[in-house]
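Please read this briefing alongside the sequence and the coordinates. It goes from single side chains to sheets and then to totals for the chain.

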Amino acid sequence: MKTQVMASASKHRSAAATSRILTPVMTLKGHKDSIPSIYYFPDGEKMISGSWDNTVRRWDLQSGKEIEEVRDIGKHAVRAVVVSRDGRWVISAGGDANSRRVEIKACEVETGFVKRFQTNTEIIICIDISADGMLLASGSMDDTVQIWNFHTCKLVAGPFESADLVGTVRFSHDSKKLAVNSPVGTSLEVWDVETKTLDVRIGKSRGWDWTYMPILLWTDESKTIIAAFTFTNDDAKTIYEFDGLTLKTVGTPFEGHTEVVRCLALSSDGALLASAADDHTIKLWAFGTRQLLASFDVQHPQFFVLSPDARQLAYTKFTDDDRDLKIYICENPPDVLATIGLSPKAQSTPAQKTNTALKHLLQVRIASSIPTPLIYMDRCSLMQPAVLLQHVVTQRCHLPHLLSLGDKDVRPL
C-alpha cells in the first residue's frame, strides 16, 4: 500500500512539474535594505514587514502603499515580525551583530503603545506568539530559546539550550508545545511549555551556518510538524511531516526541490503547502496528497507568506540591487485554488463596496457640536445604504459606541 501511495505521489509530481512565471499584482516599495520577514494581518488587508534598515512598516494592501504615520524606526536591524491572531499587536525582534544589542518589542496597533521584553541573549533571529496571545517565544544566535508572558513581559521559561543554532520557534495551536529547528535543517526539537522540559529531539548540530533558515509549521490539530530536514550531511532539500510526539516521519515526503529549502507556509485549513528554495522556485503542494500543483520561477526568494485565505502569496528576495528591495504580492492561480476547493477572490460589486464603506463609517466617531442620541434602527435594511448614509451625515450623529452592523439591522456593541 505504501508503495502505491509513493508511486501515485511521484506520478502527481511529474505531471505538475511545468514551470510558470509568478506575476505580481502589486509591489510594496520603501525599505532600504534586506527584508527578512513579512506577515499578513488576520483581515488580509494589511501587512507588516521588518527590514535590516531598522524599520518596521505597515502596508495597506488595498492602496498598495505604506501607512507612513505608523512606521517604527528602531536602533537595530529587524530580523523577525509577527502579528497576534486578533490583529491587536505587532511584535518585532532583531539586534545589532557588532554591538550585540538585542531588541524585542510589541506595539499595540490601535494606540501605538509599545512594551519591551528585556533579554541578555544575543541577536534574536525568530519569534512566535501563541494562538491564545498569552505567550511569546524567541530564538537567538547563542543557541537559546526563551518564553515570555506576553502581557507582563516577564520571562516564564528558559533560556533553553538548543542542540544547534535556532532557526525557527513555533508554538503548537494549543500552546502546549514549542517546536524548534536549526537554520540548516539538521536538528528538530519539541519542548513542553508547561513543564519546561525537552520532549524529543532528532538530528545533530552542524555548527555555525547562517546561509538559510528553514521554517517549521504545526498542522491544525498540533499532531504533526512540517519542516525541511536532512538526515545526512547534505542540504535540507526535502520537506517532511513529523509526528509531534515522536518526531518520526509521517507519510511520504515532499520531493521536488533541487537546492536547500528556505521557507514554508501552510494555509489555515491545512490544504495548501507552499515552499521556496535556492533552486529559484516557489512551489505549491496539495498537502494531503503531496501533489505538486505549481512551480514558479522566482530568482533568489528570501521569505514568503500565504494570505489568510490562501488566495495570495507575498515574497521578498535576496538582492544587492536596491530596485529589488520590494515585497511582491501575487495571486495564486485559479486552477491551483480549485484543486484545494477554493475559488478565486470575487470582485466586490458597487453595492458591496458601498456597504463596506458604510460599516467603516458607522464604526468611527463622528464629531458633532450638537449632542444627539445614538441611532438605533430596528431591522434597518441595507438594500439602500445611501439613504442610511445620508441620514447619518445629515443628523451629524455622535457614534462613540456604535455599531455592529449585521445583514439586516444595526445594533449597539
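In this predicted model, the side chain of Asp-60 reaches the backbone nitrogen of Ser-63 at a distance of 3.5 Å. Asp-60 lies in strand E5, which spans residues 55-60, and with a relative accessibility of 24% Asp-60 counts as partly exposed.

**Surroundings of Asp-60**

- Leaving aside neighbours within four places in sequence, Asp-60 is in contact with Glu-45, Lys-65 and Ile-67.
- Asp-60 and Met-47 are separated by 13 residues in sequence, while their C-alpha atoms are 6.9 Å apart in space.
- Why does Asp-60 count as partly exposed and not as buried? Its relative accessibility is 24%, whereas the buried class requires a value under 20% and the exposed class a value over 50%, so Asp-60 falls in between.

**Surroundings of Glu-189**

- The side chain of Glu-189 makes a polar contact of 2.9 Å with the side chain of Arg-201, and a polar contact of 3.2 Å joins the side chains of Glu-189 and Ser-162.
- When residues up to four places away in sequence are not counted, Glu-189 touches Ser-162, Ala-163, Leu-178, Ala-179, Val-180, Leu-198, Val-200, Arg-201 and Leu-247.

- Strand E18 covers residues 187-192 and pairs with E19 in the antiparallel sense over 6 bridges; Val-190 stands opposite Val-200 in E19.

**The sheet E8-E9-E10-E11**

- Another open sheet of 4 strands has the order E8-E9-E10-E11, and its pairing is antiparallel.
- Which strands stand at the edges of this sheet? They are E8 (78-83) and E11 (114-116), each with a single partner strand, so that one side of each has no neighbour in the sheet.
- Here the twist from one strand to the next averages 20 degrees.
- Strand E9 (residues 89-95) and strand E10 (residues 102-108) pair in the antiparallel sense over 7 bridges, and the bridge partner of Gly-94 in E10 is Glu-103.

- Strand E20 (residues 216-218) and E21 run antiparallel and are joined by 3 bridges, with Ala-227 in E21 as the bridge partner of Leu-216.
- E20 and E21 form a hairpin with 5 residues between them, and Ser-222 in the turn has a positive phi of about 60 degrees.
- E21 also pairs with strand E22 (residues 238-243) in the antiparallel sense, over 6 bridges, and in that pairing Ala-227 has Tyr-240 in E22 as its bridge partner.

**Cysteines**

- The structure holds 0 disulfides.
- Cys-126 is buried, with a relative accessible area of 6%, and Cys-153 also counts as buried, at 15% relative accessibility.

**Totals for the chain**

- The secondary structure of the protein chain comes to 4 helices and 31 strands.
- Of the 413 residues in the protein chain, 52% are buried.
- Among contacts between residues at least 6 apart in sequence, 48% join residues at least 24 apart.
- The accessible surface of the protein chain comes to about 20,000 Å², and 51% of this area belongs to carbon and sulfur atoms.

Note on methods: Residues are numbered from 1 along each chain as its sequence is written. This is a predicted model: local features need pLDDT of at least 70, side-chain atom pairs count only at pLDDT 80 or more; totals for chains, interfaces and linings use all residues. Side-chain values use heavy atoms; hydrogens and water are left out. A disulfide is a pair of cysteine sulfur atoms within 2.5 Å. Buried means under 20% relative accessible area, exposed over 50%, partly exposed in between (1.4 Å probe, protein chains only). Two strands pair if DSSP finds at least two bridges between them. Helices (H or I, at least four residues) and strands (E, at least two) are DSSP runs, numbered from the N terminus. A polar contact is a pair of N or O atoms within 3.5 Å; within protein, one must be able to donate a hydrogen and the other to accept it, and residues adjacent in sequence count only if both atoms are side-chain atoms. Contact means heavy atoms within 4.5 Å. Accessible areas come from the Shrake-Rupley method with a 1.4 Å probe; for residues, only the protein chains shown count as cover. Axes are lines fitted to C-alpha atoms, for helices over the stretch in contact, and angles run from 0 to 180 degrees between N-to-C directions.
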